[in-house]
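Dear colleague,

Please find the structure below, handed over for your reference. My notes on it follow.

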Amino acid sequence: MALIRLPEWGRAEASGLTRSERELLAEAISAWKEANGLPFAPLAFEGPNGNTLAARQYVGVIETDTVAVEIYPKLDKGLSDEEEVSPDQAQSVLKSLLWVLEASGYEELVETGEGGLKESPESFPDLFALLLGQRLRAELERGVPRSYMPQEDDLKAVRGRLLVGRQATQNYERWDRLACAFDEFTPDITLGQILRCACRELQTRVRHPEARRLLTDCLGLLDEVSDITVPEALYKASVLPPWSRAWDRFRRPYTLAVRLLRGLSHELRAASADTFVFLLDMNRVFESFVTAAIEARFGVPVQAQKDLGRLLKLGAGGIRQLADSYWVARDGAIWIGDAKYKHLAAGQADALTFAKDETAPAGRFLSPDDIRQLTVYAELTRARIGGAPPTLALFYPFVGTGAFNIDSAEAWNGSRLYIVPVRLSRELGLNHALPENLIEAICKTK
């Protein structure tokens, strides 16, 4: 299989691909885009002859029969400055990405915890297998999901109720075979079948020993569950009965399993049964990580996607304004944060700083739209609750080796605006993802 590696927002040469390989990749990308309701494709062929693959902020894998395209996040210094991804860089970045996902409890993928942090995935399928296998095995060891399912069978003794019509027609004068209808408490239910299907299909794509072991353990615990195909699993997922309280602990691994199965389903994309697409939006991953870092570092609850109001005074609609992070510091000050997955300090060792003129790094790289957005959040909050304008923070990823500090300036509306670098390094841990001098800013009494 041909392997093309590139970083997010990077480009890679694709002139060696055949026309058929390009068409299959294009179909897979287009179908994933449509299935996720995106206005643009996460990967596209560009250039005069369409010989260049260009990525956006989505990271993950797109596979067809003979080609695999892997898109990596820029989570270390070397990768942020280069267009090519070496095998060593790929493994290092995947290790960091696994930690970022686990540390932040990103969406429905994983629970916040430290259980799998010793693992080092070798590929994106390995990473997904570790995420699914770790959580699913823990829940299966607590008990495989079971439910009462209606059954009909010929038995030696009456169980449930006797099917008189069937007994009279099929078992006439055979009273050693009694046609019965009964309910059996069985693990062979839709939920278990979907989980088993995801583990079985993913197991064929992983190379990492621990990932294979986790999936093998899960399949062993689901041994009494029937095998079904990927299309069958996706259909059953679309008509899954309402969740019961007994099954609720399987909700997160089930959601990830369905997302993986959608990526494996060739019916959603190309004509190849070997097509696999699974991509993560790094904007959303970074937002979740920042929320977790604030809570871990300062011990304050953070409201994610806080609804601050509407831009228009209408009966309905009005353009909702949702802040990435909203929290109240211990001194009572309101903070509003916006996580921007932009490498604003790329190419320099130190974090961004303000100066009196716009030629300083912060003045050159900060977007006017981002500043306006944050100050609108502040004014909507002040219009609702009064008082001083909220403090604002703009978070951005940082991979530099120099000064790791915040800086601040006063915005047009009187809010204090902080620019906050965020490290996404597994070695430093979640408690050191944010600068020390941010603690002083948050805990400072006005």
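The model is predicted: local features need pLDDT of at least 70, side-chain atom pairs count only at pLDDT 80 or more, and totals for chains, interfaces and linings use all residues. Residues are numbered from 1 along each chain as its sequence is written, and side-chain values use heavy atoms, with hydrogens and water left out.

Helix α10 covers residues 282-298 (helices are DSSP runs of H or I, at least four residues, numbered from the N terminus). Just after the helix, Gly 299 has a positive phi of about 65°. Among the buried residues of α10 are Phe 286, Phe 289 and Phe 298 (buried means under 20% relative accessible area, with a 1.4 Å probe and protein chains only).

Thr 375, in helix α12 (residues 368-385), counts as buried because its relative accessibility is 1%. Leaving aside residues up to four places away in sequence, Thr 375 touches Leu 392, Ala 411, Trp 412 and Asn 413 (contact means heavy atoms within 4.5 Å).

Finally, the axes of α6 (residues 190-203) and α7 (residues 209-221) come within 9 Å and cross at roughly 145° (axes are lines fitted to C-alpha atoms over the stretch in contact, with angles from 0 to 180 degrees between N-to-C directions). The contact includes Arg 196 and Cys 199 of α6 and Arg 212 and Leu 215 of α7.

Yours sincerely

Conventions: Helix = DSSP H or I, 4+ residues; strand = E, 2+ residues; numbered from the N terminus. Expected span 1.5 Å × (residues − 1). Buried < 20%, exposed > 50% of the residue type's maximum accessible area, 1.4 Å probe, protein only.
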